[in-house]
Structure formats: C-alpha cells, structure tokens
Number of protein chains: 2
Amino acid sequence: MGRTSEAKDKLINSAIDLISNRSYSSVGVQELCDNAGVKKGSFYHFFDSKKELTIVSLRAMWDFYRENCIIPLIESDLSLEDKFDSLLHKSYEMSVNSKECNGCLSGCPFGNLALELSTQEEEIRLVIENIFREWIECFEKIINKSVERGELPIDTNSYATAQSIIAYMEGLSLMGKTFNDPEIVKNLGCVVRNLSICSCKEV
Amino acid sequence: MGRTSEAKDKLINSAIDLISNRSYSSVGVQELCDNAGVKKGSFYHFFDSKKELTIVSLRAMWDFYRENCIIPLIESDLSLEDKFDSLLHKSYEMSVNSKECNGCLSGCPFGNLALELSTQEEEIRLVIENIFREWIECFEKIINKSVERGELPIDTNSYATAQSIIAYMEGLSLMGKTFNDPEIVKNLGCVVRNLSICSCKEV
DNA sequence: CTATTATTTTACCAACTGGTCAACTAAAGG
DNA sequence: CCTTTAGTTGACCAGTTGGTAAAATAATAG
C-alpha cells in the first residue's frame with residue numbers, strides 16, 4: 001500500500017525539540033519542517049494543523065516520561081522520600097543538561113504550554129489537563145502505597161497531596177527557568193517532603 | 001512644552017489587560033493600540049518596541065501588587081499563617097473573578113511571561129527575575145519577623161523558605177489555570193503552611 | 001501672536017504566518 | 001509489470017507581523 005515514510009516521526013521529534021525549548025507561537029510550521037528535513041506539503045499530509053502536531057507531541061512526551069520516570073518508581077520499593085528525591089534529582093539533571101546545551105533551562109514542556117496557551121487554545125489546555133490528571137493518579141498510587149506501609153497517616157488525602165507535589169514541582173521548574181539556575185531546582189527540592197504531610201482534612 | 005498625552009498610560013493599561021489574559025506573542029502591536037484607542041504611530045513615539053512596553057507593564061503590575069497586597073502584610077501583625085492565608089485568599093478571589101469575566105483563569109502574569117519568554121527574550125527574563133527577587137525579599141522580611149516572634153525555629157532559612165512559598169504559589173496558579181478551576185487554588189492553598197517549616201539546614 | 005515642542009496621523013514596508021493545491025514520484029500488492 | 005495507494009514537492013495565497021517616516025496638528029511658554 002503505497003510508500004512508507006519517517007516524516008511523521010521526524011515532525012513529532014522536531015516539535016518536541018523546538019517547542020519544548022522555545023514556545024508554541026515562536027516556532028512556525030516552516031521551521032518545524034526545516035528542522036525535520038521535511039517539506040511543508042508533507043507536514044499537512046500528516047497533520048491538520050500545527051495545533052494537532054503539538055497535541056500529538058505532548059502525548060508522546062508524556063508517554064515517554066511516564067514509562068521511563070514514573071512507572072518504575074511506582075513499582076520500586078524505595079521509601080516515599082527516596083522516590084521523590086529520585087524524581088527531583090532527575091529533574092535537576094535535566095536542568096543542568098538543558099543549560100549546558102542551550103544556555104538556558106527549558107523547564108517543563110507541559111507547564112510551559114499550559115501557561116502559554118490555556119486561555120487561548122482550549123483543546124491544548126484539555127490535553128494538558130488530562131496529562132496532569134494522569135500524573136496525579138500516578139503519584140496517588142505512590143502515596144497510597146506509602147500509607148499502606150505506615151509511612152504516612154491513615155487519613156492522608158492522597159489525591160490532594162499528589163496534586164500539591166506536582167504543583168510544587170511545576171513551581172520549581174518555573175523558578176529554575178526564570179532564574180536560569182538549575183541549583184534552585186536542587187536546593188528547593190528537599191522541601192517537597194513537607195508537602196507529603198497534608199494536614200488539611202477538609203480538602 | 002508641547003501638548004500632553006494620556007496615550008502612554010493607555011498603552012500600558014492595554015498591555016496589562018491583553019498580555020496578562022492571553023500571552024506575549026498572541027497580542028500584536030496593532031491590537032494593543034486599538035484596545036488603547038491609540039494609533040500605531042503614537043505607540044512608537046512612546047515605546048521603542050513591543051518588548052519595551054511589556055517590560056514597563058511588568059514593572060507597573062509588580063509595583064501595584066507589592067504596594068497593595070504585600071507591603072500591607074509586612075506591616076500588619078497577623079500570624080504567619082494568617083498572612084499567607086490572606087494572600088492565597090486574594091489569589092483565589094482573583095481567579096474567581098477572572099473566570100467570571102473571561103471564562104478562564106489568567107494566572108500570574110509574571111509566571112506566564114516567565115515560561116513563555118525566558119528562553120527567548122533575555123531582557124524580559126531578567127526583569128521577571130528581579131521582580132521575583134524583590135518578591136522573595138518581601139517574604140523574607142515577613143518570615144524573619146515570625147522567627148523573631150518565636151513562631152518559627154531560630155535556624156529557619158528565611159530566603160529559601162520564601163522562595164519555596166513563591167514557587168508553590170506559582171505552581172498553584174499554574175494548576176488552577178490548567179484545570180481552569182479556581183477551587184484548586186483554594187483547596188491546595190492550605191498546604192503552604194507546611195512549607196514554612198523548612199527543615200533543610202544545608203540550603 | 002508666534003515659535004517651539006510634543007503628539008498624532010496616515011500611508012507604507014518587507015518579512016513572515018498558517019495553510020492550500022495540483023502535479024509528481026516511488027513503492028508495495030496483485 | 002502495472003495499477004493502486006501513499007508520500008513528496010514547490011509554487012502559491014491572503015492576512016498579519018513588528019516597525020518606519022514624514023507630514024499634520026495641537027498645546028504651551030515666552
């Protein structure tokens with residue numbers, strides 16, 4: 001059935017690369033194509049629009065992060081503290097790497113696009129909302145396991161705690177990017193453990 | 001000497017209005033002018049570029065927020081907890097208002113622009129970095145006062161704690177905006193108090 | 001009243017935006 | 001081998017982008 005092509009994957013990787021390191025609006029379809037070594041006509045053969053490619057790329061990034069960084073953590077039997085330390089350390093390492101390669105921290109691609117587009121591109125906002133939801137559910141599992149093991153009080157609100165931790169991690173990303181300093185991610189990371197003790201019963 | 005004009009202020013307000021609720025790149029100079037009731041020629045009479053207007057607007061927003069929301073808090077003699085509760089509550093009210101007026105949460109204008117532009121517009125990143133710095137210093141004062149009053153341990157790292165709290169507030173803004181739900185800002189707000197107990201001596 | 005100065009207006013520019021289209025080409029299936 | 005199908009190409013479009021320049025206008029200080 002006709003010829004095969006790598007153009008689609010090349011475009012997705014191009015989008016992950018360019019949009020994560022810059023922003024949605026600063027990257028044009030033309031540049032996306034040039035960077036992928038693909039002609040614009042091919043772009044519109046595989047994707048309806050720049051928005052659609054972005055959505056596909058977001059899901060691809062999330063799938064990768066979940067499979068490689070979060071799922072292994074759920075299955076491991078490290079302590080709660082060590083689990084989040086490990087995650088934060090990975091985030092620190094990515095910051096250092098990003099600074100070395102591009103001279104600046106690119107931050108979290110989900111958070112970046114969420115703030116840039118949530119008020120304007122409802123479809124993209126919804127995709128990121130769902131990614132965050134899945135993310136929260138993963139952390140919820142980790143926290144529930146900890147509750148079962150007696151590391152956390154029995155009345156812990158796992159969902160709210162998970163959400164708080166992600167919010168804080170996003171906040172760290174934001175501060176690191178703004179100050180262009182990976183050390184912020186490292187130094188402020190240790191405070192996450194304080195968030196595990198969610199004392200708000202009414203949440 | 002020559003005629004006077006309100007165009008400059010009108011343009012600043014226009015920028016605060018449009019850029020806060022959308023994004024830097026999605027608002028053009030033309031729209032900025034139309035919204036201010038000013039011709040494009042006048043824009044470039046008062047500002048060198050869209051970037052310059054944005055910088056002026058950022059400082060104007062920060063001055064307003066500092067004078068009206070933070071300074072009064074430094075001078076008040078509420079408990080630490082009540083101070084942050086009050087701040088978070090204001091942020092919640094703004095979210096509710098934003099949702100009522102625009103159908104969505106616009107989030108924190110500093111955080112928004114920081115994530116959108118930090119990797120591309122170094123000048124703007126620096127302006128926001130400095131605003132965050134001043135913000136941290138304000139919170140540091142509040143925390144130091146609390147330490148003096150014995151509300152917090154004597155070895156509290158005020159600067160790191162202040163930075164953590166702002167990071168968390170930015171994270172809440174981000175989550176609220178992404179989920180388009182002011183209640184997130186409210187429900188997760190109460191966890192801030194856990195951040196005040198910064199147990200990381202080495203930071 | 002006039003000269004000076006600040007502001008406003010209009011028309012304009014080249015570069016770029018996301019997106020379209022029809023012609024063309026290569027490969028796989030029968 | 002030839003038809004079908006999938007992928008590629010480059011020319012093209014209308015609308016928009018940030019920014020310019022010169023002429024017109026209004027207010028103020030002397």
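1. In this predicted model, a polar side-chain atom of A:R3 sits 2.7 Å from a base oxygen of DNA strand C. This falls under polar contact, meaning a pair of N or O atoms within 3.5 Å; within protein, one must be able to donate a hydrogen and the other to accept it, and residues adjacent in sequence count only if both atoms are side-chain atoms. Phosphate oxygens of DNA strand C are also reached: one lies 3.0 Å from a polar side-chain atom of A:K50, and one is 3.2 Å from a side-chain N or O atom of B:S5.

2. Two elements give two or more residues to the surface near DNA strand C, namely α3 (40–46) of chain A and α3 (40–46) of chain B. The largest share, 4 residues, is that of α3(B). Helices here are DSSP runs of H or I with at least four residues, strands are runs of E with at least two, and both are numbered from the N terminus.

3. How many residues surround DNA strand C? There are 22, and the closest are A:R3, A:V29, A:K40, B:R3 and B:S42. Sugar and phosphate make up 61% of the atoms of DNA strand C that come within 4 Å of the protein. A residue is near a strand if one of its heavy atoms lies within 4 Å of it. By class, this surface has 7 nonpolar, 10 polar and 5 charged residues. Nonpolar covers Ala, Val, Leu, Ile, Met, Phe, Trp, Tyr, Cys and Pro; charged covers Asp, Glu, Lys and Arg; the others, Gly among them, are polar.

4. DNA strand D also has 22 residues around it, of which A:R3, A:S42, B:R3, B:V29 and B:K40 come nearest. For DNA strand D, sugar and phosphate account for 62% of the atoms within 4 Å of the protein. The surface near DNA strand D divides into 7 nonpolar, 10 polar and 5 charged residues.

5. Which residues approach phosphate oxygens of DNA strand D? Chain A brings a polar side-chain atom of A:S5 to 3.3 Å and a polar side-chain atom of A:K39 to 3.1 Å. From chain B, a backbone N or O atom of B:V29 lies 2.8 Å from a phosphate oxygen. At least two residues of the surface near DNA strand D come from each of α3 of chain A and α3 of chain B, with α3(A) giving the largest share, 4 residues.

6. The protein–protein interface puts 50 residues of chain B in contact (heavy atoms within 4.5 Å) with 50 residues of chain A. About 4,200 Å² is buried between chain B and chain A, 69% of it on carbon and sulfur atoms. Buried area is the accessible area (1.4 Å probe) that two parts lose on being put together, summed over both.

7. Between chain B and chain A the count is 13 residue pairs in polar contact, both residues at pLDDT 80 or more. On chain B, the elements giving two or more residues to the side that touches chain A are α6 (109–117), α7 (122–148), α8 (158–179), α9 (182–189) and α10 (192–196). Of these, α8(B) gives the most, with 14 residues. The residues on this side of chain B divide into 24 nonpolar, 18 polar and 8 charged.

8. Chain A has 10 helices and 0 strands. Its C-alpha atoms fill a box of roughly 60 × 40 × 30 Å along the principal axes.

9. A:G150, which follows α7(A), has a positive phi near 80 degrees. Just after α7(B), B:G150 takes a positive phi of about 80 degrees.

10. On conventions, residues are numbered from 1 along each chain as its sequence is written, and chains are lettered from A and ligands numbered from 1 in the order in which they are written. Local features need pLDDT of at least 70, side-chain atom pairs count only at pLDDT 80 or more, and totals for chains, interfaces and linings use all residues, while side-chain values use heavy atoms, with hydrogens and water left out.
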